[in-house]
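Visitor: I would like to learn how to read sheets, helix packing and aromatic pairs from a model. Could you walk me through them?

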Amino acid sequence: MPQIAERRSATNVLVIGTGAGGLRAAIELAEQGVEVLCVGKRRRDDPHTVLAAGGINAALGTMDPADSWAQHAADTLREGYWLSDPEAVEQLAQHSPAAIEELVEWGAEFAREDDGRLSQRFFGAHTWRRTCFSGDYTGRAIQHALIRRADQLSVPIRDDLYITRLLVHDNRVFGAYGFDVATGQRQILFADAVVLAAGGYTRIWRRSSSRRDENTGDAMRLAADASARLQDMELVQFHPTGMVHPDSAEGTLVTEAVRGEGGQLRNTDGERFMARYDPERGELSTRDRVALANYTEIAEGRGTEHGGVWLDVSHLDPNTVQTRLPRTYRQFIDLLMLDITREPMEVAPTAHYSMGGVRVDADTHASDVDGLYALGECASGVHGANRLGGNSLGECIVFGRIVGQQAARFSADVDVHVRDRAAIDAARAEVDALLAGNGDDFPRQVQRAVRDLMSRWGGVVRSEDGLNRGLTELADLDTRAAAMSVRPDIAGYDDLVHAFDLRGSLLAARATLQSALKRRETRGAHVRSDHPDLDPNQQHNLLWTPAGITAAPIGTASPEVLALAHTAEDLTSAGRLLE
Ligand SMILES: Cc1cc2nc3c(=O)[nH]c(=O)nc-3n(C[C@H](O)[C@H](O)[C@H](O)COP(=O)(O)OP(=O)(O)OC[C@H]3O[C@@H](n4cnc5c(N)ncnc54)[C@H](O)[C@@H]3O)c2cc1C
């Protein structure tokens, strides 16, 4: 392919990511009169955010007036098994009502009661009804509202740019390097500050509720290569029920509403096994327990042909299934030609949410690199060891505004802007080297091997032996990845995209396995078969760099929040929507 000359451009703040987090930050910057450019690697109306279904939390008290921001914070800290940053959690809870208000103002159509109040529904582990929703398309409704607002402010958005590297000089970011995914044209984007909102890393597992090429760990690699630390990479939430076949749909979420409506889980002996794991709540047990139960049944040989367990609603009235679970009904017809009113679904745990990510300051969301901010699913701190459902959309909106303000301030204070040629040369050379590759493997083959490895050794249940084996196998994949074939053609630069996706996945996989080895306890979503109990001495964050892992202490919540968190009773999930 002929090389097209490299382009250079400059802006005050570069935002990487056009999902809810990136767009909200870009809107704030534009409102403050700061020049901003927002870039993404896939269509602006189709980032991962649009998959969010169930809702967004805010203690508005429209349905339950007793709710308060402090109770929201307390629920989040408890559900996070005390690994969340209390300051970040309190910020989230305090600012969420204002976030809903602005989304409404920008045209997000949330469900309302007959008298006009915003409807709020229960999500698992919330004390009160505090989740606003837009049918089961909440993420899409929010994304559309943000795009409309960004358009009103004329925010420039380029959703065809792949960022390969952050440009850093003397621990200060001065832009990013990338290429156009269709033409391959290289881009040097100079900026005073950079906001990273490029999503998580749940696609490094074979079964994942993310689509094929999103959440591949790009943000983790970009940040780590720039010398920012990653935090709590071992903490990844597995949703209990993802599809297991066909291959193309593996991991696609089967909503927990299916169990909420009376869906029964069975193994191949026909046993309703949840009675053994949680006799009181059965299928309505918490997400981590059901995921562990499903995993155990499959691991102990009572799984189905495709490596799942049965989830059955065929005993319910077909009308109920079609009216209460319309999306699930359609999903199985569309993807598998299976009528769930007659036949059971095959499901297994699926990687769903990255609690780990870039280490940021709770207040400002600044990373370790001057001028580099991170937010949304790529940042760590809010969700601890288990995310409270409905908190991630709120996190994107609340911290998007805060990060926008911080980056605006940083940009205004910049007096000297060094454009380090060596850093640019290194970024260019990295792309050149990949394009020169002519080895035996294509990136997708190695990516598949990473996903299989992570599912086998770094999945729902981990052990020292398994994690070490995973790291040994990962070293082989690093070698394979160093000699790949990358062949862009007339159809575009997909191969190069996949090669960089793979680099992100390899780094995220290494950080996850190493951090999982280090956390020798079972806490929230992190289950160690060789350390089955929670260890109060490990109530700390783990900070990862390629050179090693250190533990960092966690702050203290305000007395008001602590009191509520400690007096709360264990909540039953019966009658609550659990997404
Ligand atoms: C099925 C499902 C249901 C969910 N339901 C809910 C829910 O009900 N409530 C809730 O709060 N949360 C929910 N979540 C989680 C929530 O959707 C996400 O955490 C959130 O949307 C993440 O937003 P984000 O802006 O951080 O990242 P994303 O929306 O993932 O956006 C990432 C952006 O970064 C860009 N990008 C990535 N890499 C690069 C690169 N190298 N170069 C350039 N651009 C790049 C992408 O193109 C994209 O624009 C759900 C998730 C799933 C999978």
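Predicted model: local features only at pLDDT ≥ 70, side-chain atom pairs only at ≥ 80, totals over all residues.

Visitor: Which residue stands opposite Leu265?

Guide: Leu311 in strand 12 does. Strand 11 and strand 12 (residues 309-312) pair in the antiparallel sense over three bridges.

Visitor: Now a helix pair. How do helix 5 and helix 15 pack?

Guide: Look at the angle and at the axis distance. Helix 5 (residues 218-225) and helix 15 (residues 494-518) pack at about 75°, with their axes 7 Å apart. Angles of 65 to 115 degrees count as roughly perpendicular, so helix 5 is roughly perpendicular to helix 15. Among the residues that meet are Met220 and Arg221 in helix 5, and Phe500 and Leu507 in helix 15. By class, the contact has four nonpolar, one polar and five charged residues.

Visitor: Which sheet does helix 15 pack on?

Guide: There is an open, antiparallel sheet of four strands in the order 14-9-18-19, with strand 14 (357-358) and strand 19 (548-552) at its edges. Helix 15 packs on this sheet, touching strand 9, strand 18 and strand 19, and its direction makes about 140° with that of strand 18. Within the sheet, Gln231 has Leu543 in strand 18 as its bridge partner.

Visitor: Finally, the rings. How many aromatic pairs does a search of the whole structure find?

Guide: It finds eight. For each pair, check the centre distance and the angle between planes. Tyr162 and Phe179 have ring centres 5.4 Å apart and planes at 20°, so the pair is stacked. Tyr162 lies in strand 6 (residues 161-169) and Phe179 in strand 7 (residues 172-180), so the pair ties together parts 17 residues apart in sequence.

Visitor: Are Tyr162 and Phe179 buried or exposed?

Guide: Both are buried. Ring pairs also link Tyr162, Phe179 and Phe500 into a cluster.

Methods. Residues numbered from 1 in each chain as written. Heavy atoms only, no water. Pairing = 2+ DSSP bridges. Helix = DSSP H or I, 4+ residues; strand = E, 2+ residues; numbered from the N terminus. Axes fitted to C-alpha atoms, helices over the stretch in contact; angles between N-to-C directions. Parallel < 35°, antiparallel > 145°, perpendicular 65-115°, else oblique. Contact = heavy atoms within 4.5 Å. Nonpolar A, V, L, I, M, F, W, Y, C, P; charged D, E, K, R; others polar. Phe/Tyr/Trp six-rings, centres within 6.5 Å; stacked < 30°, edge-to-face > 60°. Buried < 20%, exposed > 50% of the residue type's maximum accessible area, 1.4 Å probe, protein only.
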